[in-house]
Amino acid sequence: MIGPGIKRGTAELAVLSVLEEGPLHGYELARRIEQQTKGALRFTLAALYPMLYRMEQRRWVRGSWETGGNGRRRRCYRLTAEGKKKLSPIRQEWAELFHALRRLTKVPHG
Amino acid sequence: MADWQKLVGQRLSGLALDAAEKDEVHAELAAHLEDFYESLRTKGLSEQAAIQQTLAQVANWPDLRRKILMAKKGRDFMKKRLHQLWIPGFLTFILSTVFLMTLQKLGFQARIVGDGPNAILFCAPWLESLLFVGALGAYLSSRAGGSRGAALIASVFPVLALTAAFLLMFPIDLFVERIIGRQVDFSIVATALLREGIGWILVPGAALLVGGLPVHLLFSRRSSSQETAVG
């Protein structure tokens, strides 16, 4: 079973990586992650927002209200300089973990 | 179409954030649900099915409320609450209970005020000790930076616990009496509730408050004058 620490780490990496491409509001962020992982990673509202708020507290992301083309106000999140700095070591850690698991399990590259 | 804003407001009621921040969270989550719902409708789902799937986004609203609070306020918030409310509160409760038990062991008799079934028991040494217990609760809470509300709740915590016990005990008692087939006279129960309420909750609560309030006022005045001196 995947422990909560691993799950949280995966989720944070996913959110930070997608936000690196540009600012997004919560729903669009969840949709983009699901789309880019072909449905392997899905965020419900209950999983996404506490994490976004936590990341905002840590100043990895910054949220601000913006009005979209359809006139609707949405709170958009963008990666901060601190978040960008954080992303690099997280990526490195996960790359090492995946590499180690691949060697252990002999699972070929996807 | 569902009123998502209203729904989120209702389900997350009691979220302990300031009004503006709470409104922001409500609006943001409502917007997410609205977008999710509309995407399902665009995919051809019926209104009912789309609403159901949208609501499934949150399986446990109280848990979400707790997680949002933790995320927004951080771990410090829980730690502060522990030091400002729970530790002083439980300490006052334990002290008052231990002191009452000790008095009973030492053979102190409670004073009876009133006649017959309306007599109320008062244990004067215990009530006097509650002044100090209440003061201690308020002091510990105020020292940890507790608000007036937290300090006063910490002071009167023993009677809050007793109130909860009473409220739990009386319905259980009525239920048991009914099971064993004894006729219950509600006027007797009401009188007993009032009598015990005065003797064990109202008067001790007042004693705890009388002890706690001046200490909190004194502490907050002193800390505000220190802040002024520093500023």
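# Reading a predicted two-chain model

Visitor: Among contacts in chain B between residues at least 6 apart in sequence, what percentage join residues at least 24 apart?

Guide: Two residues are in contact if their C-beta atoms, placed from the backbone, lie within 7 Å. In chain B, 68% of the contacts between residues at least 6 apart in sequence join residues at least 24 apart. The corresponding value for chain A is 46%. This is a predicted model, in which local features need pLDDT of at least 70 and side-chain atom pairs count only at pLDDT 80 or more, while totals for chains, interfaces and linings use all residues. Residues are numbered from 1 along each chain as its sequence is written, and chains are lettered from A and ligands numbered from 1 in the order in which they are written.

Visitor: What is the mean pLDDT of each chain?

Guide: pLDDT is the predictor's confidence in each residue, on a scale from 0 to 100. Where pLDDT is low, the predicted coordinates should not be read in detail. Chain A has a mean of 88, with 91% of its residues at 70 or more; chain B averages 86, and 92% of its residues score at least 70. Within chain A, confidence is lowest in helix 1, at a mean of 82, and highest in strand 1, at 96. The model as a whole scores ipTM 0.87 and pTM 0.60.

Visitor: How many helices and strands does each chain have?

Guide: Helices (H or I, at least four residues) and strands (E, at least two) are DSSP runs, numbered from the N terminus. Chain A comprises four helices and three strands, arranged from the N terminus as α-β-α-α-β-β-α. Chain B has nine helices and two strands, and its pattern along the sequence is α-α-α-α-α-β-β-α-α-α-α.

Visitor: In what order do the three strands of chain A form their sheet?

Guide: Two strands pair if DSSP finds at least two bridges between them. In chain A the three strands form an open sheet in the order 1-3-2, with antiparallel pairing. Strand 1 (24–25) and strand 2 (61–67) of chain A stand at the edges with a single partner strand each, so one side of each is left without a neighbour in the sheet. Two bridges join strand 1 to strand 3 of chain A, and A:His25 has A:Cys76 as its bridge partner in strand 3. Helix 3 of chain A packs on this sheet, touching strand 2 and strand 3; the direction of the helix makes about 115° with that of strand 2. Such axes are lines fitted to C-alpha atoms, for helices over the stretch in contact, and the angles run from 0 to 180 degrees between N-to-C directions.

Visitor: How many bridges join strand 2 to strand 3 of chain A?

Guide: Seven bridges join these antiparallel strands of chain A, and the partner of A:Arg62 in strand 3 is A:Arg78. The hairpin of strand 2 and strand 3 has five residues between the strands, and A:Gly71 takes a positive phi near 85° in this hairpin.

Visitor: Which residues touch the most other members of the largest nonpolar core?

Guide: In soluble globular proteins, nonpolar side chains tend to be buried together. A residue is buried if 20 or more other C-beta atoms lie within 10 Å of its own, exposed if 12 or fewer, and partly exposed in between, with C-beta atoms placed from the backbone. A nonpolar core is a set of buried Ala, Val, Leu, Ile, Met, Phe, Trp, Tyr and Cys residues joined through C-beta atoms within 7 Å. The largest such core has 34 residues, of which A:Val15, A:Leu19, A:Tyr49, A:Leu52, A:Val61 and B:Leu33 touch the most other members. Elements that give two or more residues to this core include helix 3 (45–57) of chain A and helix 2 of chain B. Helix 3 of chain A gives the most, with six residues.

Visitor: Is B:Phe132 buried or partly exposed?

Guide: B:Phe132 is partly exposed, because 17 other C-beta atoms lie within 10 Å. The residue is placed in helix 6 (residues 124–143) of chain B. B:Phe132 and B:Gly212 are 80 residues apart in sequence and 7.9 Å apart in space, C-alpha to C-alpha.

Visitor: How many residues does each chain bring to the contact between chain A and chain B?

Guide: Chain B brings 16 residues and chain A 12 residues. On the side of chain B, helix 2 (19–42) and helix 4 (61–73) each give two or more residues. Helix 2 of chain B gives the most to that side, with seven residues.
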